[in-house]
Amino acid sequence: MLQRIGAPSLEALWEAIPSEFRVRGSLPVDPPLAEYEIARRFAQWAESNADAQHYACFLGAGIYDHFIPAALRALLSRSEFATAYTPYQPEVSQGTLQTIFEYQSMICELTGMEVANASLYDGATACAEAAHLAVGATGRRIVLVSEGVHPHYREVVRTYAAAGSFEVRDVPLERGQTPVLALQRMLAPEVAAFLWAQPNFEGIVEDGAALTEATHAAGAYSIAVADPVALAVLKPPGKDGADIVVGEGQPLGVPMGYGGPLVGFFSVRKSDVRRLPGRLAGATVDLDGRRGFVLTLQTREQHIRRERATSNICTNQGLMALANTIHMALLGAQGMREVALQSMEKAHYLARRAAQVPGVSLANGEAPYFREFVLRLPGPAADFLRAAEKRRILAGVPLERFARARSSELLVAATEKRTCEELDRYVEVLADWARRPARAPVEEAACRS
Amino acid sequence: VPELTLRELSVKDHRGPRLLPLDVPQEGVERLLPSDRLREGAPGLPEISEPIVVRHFVNLSVLNHHIDKAIYPLGSCTMKYNPKLNDEMAQLPGLAAIHPFQSEELSQGALAVIGELHEWLKAIMGMPAITTQPAAGAQCELTAILMTRAYHAARGNPREEVIVPDSAHGTNPSTVNQVGYRVVTVPSGPDGCVDLKELRREVSGKTAALMLTNPNTLGIFEREAGEIARIVHEAGALLYLDGANLNAMVGLLSPGAMGFDFAHINLHKTFSTPHGGGGPGGGVLCVREDLEPYLPTPVLERSGDRYLWNYDRPRSIGRVHSYYGNFGMIVRALCYVKSLGAAGLAEVSREAILNANYLKARLTEAYAPSHEGYCMHEFVLSASRQKARGVRAVDIAKRILDFGMHAPTTYFPLIVDEALMIEPTETETKASLDAFAEVLLTIDRETREDPERVKRAPTETPVRRLDEARAARKLTLTWQDLEAEGGDA
């Protein structure tokens, strides 16, 4: 090969590069390992984590332990999908392009919107991009955000806002719900958008129609960040009149994966299609008149429009969006509804029984909730979590993570995968602990293996 | 016959995998939620049995080109082989079925995976601090430019401009704009590198940063990188390495030694995580010591033999991802570097550079290179000679598809007429490089003997050229739109 190149040596190919830029000697890293040694090492790491096959997982807060069909995993691992790239040559990418088109269609069915893009990184960045869109569309510079939106999503929106393009103001919750009256007071003429969650971070089903009506009265965009599983049962925010509906697609066939990779969905009305961030697939015909699919409206995007693009995003989360597509295809209309209903029934069963334990109550009282709720405990939530871990239960997300004052509150989620036995065991462990809640000091939590 | 859509395959009451019957007493949705917050009926999703769903997606999948089938020489995309072991490790339940909010105590294995990858990448980059929170390369750029703003603001003046060479990827200028800086474009000189005279003219006290891709998108190493760093740093600005072309540097060149203050890595390029039809990517941002306080929250720290997330970061720009980044990609990348080790990593870039130079040498008899001389891991050809025969770069790209191979990146970088940007990667053997070269030489012959053959291409693909103008004019973006048009787009 060197002869053909006409180079005297391999090193000659980069000899023009100043020597001070070179790596000297070999890199200070380990020698290579054989496959079987790597497999052993990763198995050890895997075993030192608590996973949802060995623990009953009641953690939610945006990431849920829902059922993932085997057929999905098999299809998703196909090289044809996994090792292709962005469909720049549509004639040899119809598999990817048609699945994006089907994904867009199904997201619209769930959200009640007219156009969805090919996906964004995650729910948080979808919120940030939605705020950015609304600011651009209205020419206004304030974005109101309900405190019912995931605290991390709110942080990401603030990070994106920090560049100076808009200002973020929080709308506090009352008894777990976004208060319409307080919202109305904050809806000044400079407000570009109001971002709210359905259901919200504490599991509560918001009155989307009322929130949207108030927002529209002030001429602002109503942006909903919605749970896609809940949308199989709840009224879609699009039907409440929302202008943008975004969310996290993880519950639709994507492993929890320690929180990534995820996939953000993003849907709008047709009137805003030219403001969409990211990739978009559309149907067309080929030279012989056969149906086919292409990436379309690419003049919105960074590789064409450069500094005038609608967003700097390049890739979507292709394979995760495909997982969503296959998941919805396998479960279908009835399966999706069944998952949502069973999750909701199990969460309510658990909440009812947990709230009967002396000293334990539901923090948000009678407010309607979907598959997640906040328990108020008679002692530190962190203490109960450790007690539950010993019984192989991941009992919830302590709200102290997000607000120091809420140290006795726990966000608890149930999915269709939690069995009645696990729900009853949860209540039993809770009752045991609640009898002596302040017991301290706590021993080290038990790790598997 | 084109593959039907899921909607077209749907048959009422057909079902896929089922759940067990509910095992707790049923309350009923009407009692649990107010009726005005409920959907009317089930969502309009398809009803299809599992075998038919599987056939549908298998039939669609085989319409794709992919790296496990043949060469995929997209320039600056680094389409290398994705080792199967990586995927197997990422699917271990102890790494896949774990929740981001389980306690750190019960996540030590996951944290150790992230921590170990951090150590490898810092060594490879020659840089002291790191985050793997960004989801992709473009988000690394956003993170770094937000950090740039915070860094300068802490010194009393956020500054106004970011300089971007004209050969840069589109994400650079769009990122700059998104963070509220003005884009200043510097032209490339005749050698394809940043024109230093122009650069000196543009750099000033207003300059916040320079974003440099090195080697640049022409596949040329910016030899004056040291001088560029000096000019930028003298003005008090920061130097960003767009790591799109890092595959030319692993184990060979040190971004830290070149004076970069930020350097990003795309795990889905250099570190072999699958491209997935356009994501998920995996973003890594390495920074110099004094920029560390601005990294996104949280940062991973080690205390004895335990890892923990540090959230107490008052100068941080904040969070850029819902949780800790694309963990599944981090698992795969660590598996990749451990498989290669120090010795294997040193081979990656050497072989990528050898392959690119060999392919370039074989093709320049027929196609005009953008620049003479050796290239790094990729090179750009111009189809200017073929254009004189009435055949354009797009036609050549489409004709390549007929031979069961993928086309190079076309019409980028923008500064080369009829650009074909080719990156073979270290994955390809001499035999597969020769086969690709033969195809391009055959096509060149066709441009002389039968140019219409090339312009008609592709004819051997699942569909022929698609009407993109029609797709943009008559937006058909969902099944619903398709039905409104009678099913035929």
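Exposed, in this talk, means over 50% relative accessible area, buried means under 20%, and partly exposed is in between. Keep that in mind. One more thing before we start: this is a predicted model.

Let's begin with a salt bridge on chain A. A:Asp432 and A:Arg435 meet there through their side chains, at 3.3 Å from N to O. How far apart are the two along the helix? They are three residues apart in helix α13 of chain A, residues 420-435, so about one helical turn separates them. Now use the definition. A:Arg435 has a relative accessible area of 61%, so A:Arg435 is exposed. A:Asp432 has 32%, so A:Asp432 is partly exposed.

Next pair, also on chain A. A:Glu80 and A:Arg78 form a salt bridge, with their closest N and O atoms 2.9 Å apart. Buried or exposed, what is A:Glu80? A:Glu80 is buried, because its relative accessibility is 15%. A:Arg78 comes out at 23%, so A:Arg78 counts as partly exposed.

Over to chain B. B:Lys387 and B:Asp417 join side chains in a salt bridge, again quoted N to O, at 3.3 Å. Which parts of chain B does this pair tie together? B:Lys387 sits in helix α12, residues 384-387. B:Asp417 sits in the loop between β12 (409-410) and β13 (419-422). So the pair links parts that are 30 residues apart in sequence. B:Lys387 is partly exposed at 36% relative accessibility. B:Asp417 is partly exposed too, at 40%.

Some salt bridges share partners. A:Asp65, A:Lys417, A:Arg418 and A:Glu422 are joined that way into one network. And the total? Searching the whole structure gives 60 salt bridges over all chains.

Now the interface. How many residues of chain B are in contact with chain A? The count is 193, and they touch 186 residues of chain A. About 16300 Å² is buried between the two chains. Carbon and sulfur atoms give 64% of that area.

What about charges across the interface? The rule finds 10 salt bridges between chain B and chain A. Here is one of the salt bridges between chains: B:Arg319 with A:Glu155, closest N and O atoms 3.4 Å apart. Polar contacts are counted as well. There are 90 residue pairs in polar contact across this interface, with both residues at pLDDT 80 or more.

Which element gives the largest share of chain B's side? Helix α11 of chain B, residues 327-363, gives 20 residues. By type, the residues on chain B's side divide into 107 nonpolar, 53 polar and 33 charged.

Last topic: cysteines. How many disulfides does the structure hold? Zero, over all chains. Take A:Cys420. The nearest cysteine sulfur belongs to A:Cys57, and that is 18 Å away. A:Cys420 has 16% relative accessibility, so A:Cys420 counts as buried.

Then B:Cys140. A disulfide needs the two sulfur atoms within 2.5 Å. B:Cys140 is also buried, because its relative accessibility is 0%.

To recap. Chain B puts 193 residues in contact with chain A. The whole structure has 60 salt bridges and zero disulfides. That's it from me.

Notes. Residues numbered from 1 in each chain as written. Chains lettered and ligands numbered in written order. Predicted model: local features only at pLDDT ≥ 70, side-chain atom pairs only at ≥ 80, totals over all residues. Heavy atoms only, no water. Contact = heavy atoms within 4.5 Å. Buried area = accessible area lost by both parts, 1.4 Å probe. Salt bridge = Lys/Arg side-chain N within 4 Å of Asp/Glu carboxyl O. Polar contact = N/O pair within 3.5 Å; in protein donor to acceptor, adjacent residues only side chain to side chain. Helix = DSSP H or I, 4+ residues; strand = E, 2+ residues; numbered from the N terminus. Nonpolar A, V, L, I, M, F, W, Y, C, P; charged D, E, K, R; others polar. Buried < 20%, exposed > 50% of the residue type's maximum accessible area, 1.4 Å probe, protein only.
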